[in-house]
Amino acid sequence: MEYNYTKRELNIFGLAVGLATLIFMGLSVFLLSLLKETVSLFLIRILNLIVGFVLIGYGVARIIKLFKKKNQIYKN
């Protein structure tokens, strides 16, 4: 909305984003189903741990940023 797109442009953008997600997820599932026999359970657990730590770290960073922003508002 901030770039003053027309309704038609927003519809095209929404359709493109939706299709990109569908295509990406579909290809991911297809490729992973081909590779599932070659990937060990240990590797999957390690990757899950890494993703979990990244997500937790991102959440903590966002919370810290939010608190810093609120503190700056109260100081002014």
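This is a predicted model: local features need pLDDT of at least 70, side-chain atom pairs count only at pLDDT 80 or more; totals for chains, interfaces and linings use all residues.
This is a short talk about the fold and a few residues of one protein chain.

Let's start with the overall picture. How many helices and strands does the chain have? Two helices and zero strands. Helix α1 covers residues 7-35, and helix α2 covers residues 41-75.

Now, what about the overall shape? The box around the C-alpha atoms, taken along the principal axes, is roughly 60 × 40 × 10 Å.

Next, the surface. What share of the 76 residues is buried? The answer is 0%. Here, buried means under 20% relative accessible area. The chain exposes about 7700 Å², and 72% of that comes from carbon and sulfur atoms.

You'll find Asn4 in the segment before α1. Its phi is positive, about 60°, even though Asn4 isn't a glycine. If you're wondering why I'd bring that up, it's because most residues other than glycine have a negative phi. Asn4 is also exposed, at 66% relative accessibility.

Searching the whole structure turns up one aromatic pair, and Tyr3 and Tyr5 are the partners. Is the pair stacked, edge-to-face or tilted? It's tilted, with 45° between the planes and 6.0 Å from centre to centre. Tyr5 sits at 48%, so it's called partly exposed; the cut-off for exposed is over 50%.

Moving along into helix α1, let me pick out Val29 and Leu34. Val29 lies in that helix and is exposed, with a relative accessible area of 57%.

Take Leu34 and Leu19, which are 15 residues apart in sequence; C-alpha to C-alpha, they're 22 Å apart. Now take Val29 and Ile44, 15 residues apart along the chain too, with 15 Å between their C-alpha atoms. Look at where those residues sit: Val29 is in α1, while α2 runs over residues 41-75.

Last stop, helix α2, where we find Tyr58. Is Tyr58 buried or exposed? It's exposed, at 54% relative accessibility. And how far is Tyr58 from Gly14? They're 44 residues apart in sequence, and 26 Å apart in space, C-alpha to C-alpha.

So, to wrap up: two helices, zero strands, 0% of residues buried, and one aromatic pair in the whole structure. Thanks, everyone!

Methods: Residues are numbered from 1 along each chain as its sequence is written. Side-chain values use heavy atoms; hydrogens and water are left out. Helices (H or I, at least four residues) and strands (E, at least two) are DSSP runs, numbered from the N terminus. Buried means under 20% relative accessible area, exposed over 50%, partly exposed in between (1.4 Å probe, protein chains only). Accessible areas come from the Shrake-Rupley method with a 1.4 Å probe; for residues, only the protein chains shown count as cover. Rings of Phe, Tyr and Trp (its six-membered ring) pair if their centres lie within 6.5 Å; planes under 30 degrees apart count as stacked, over 60 as edge-to-face and the rest as tilted.
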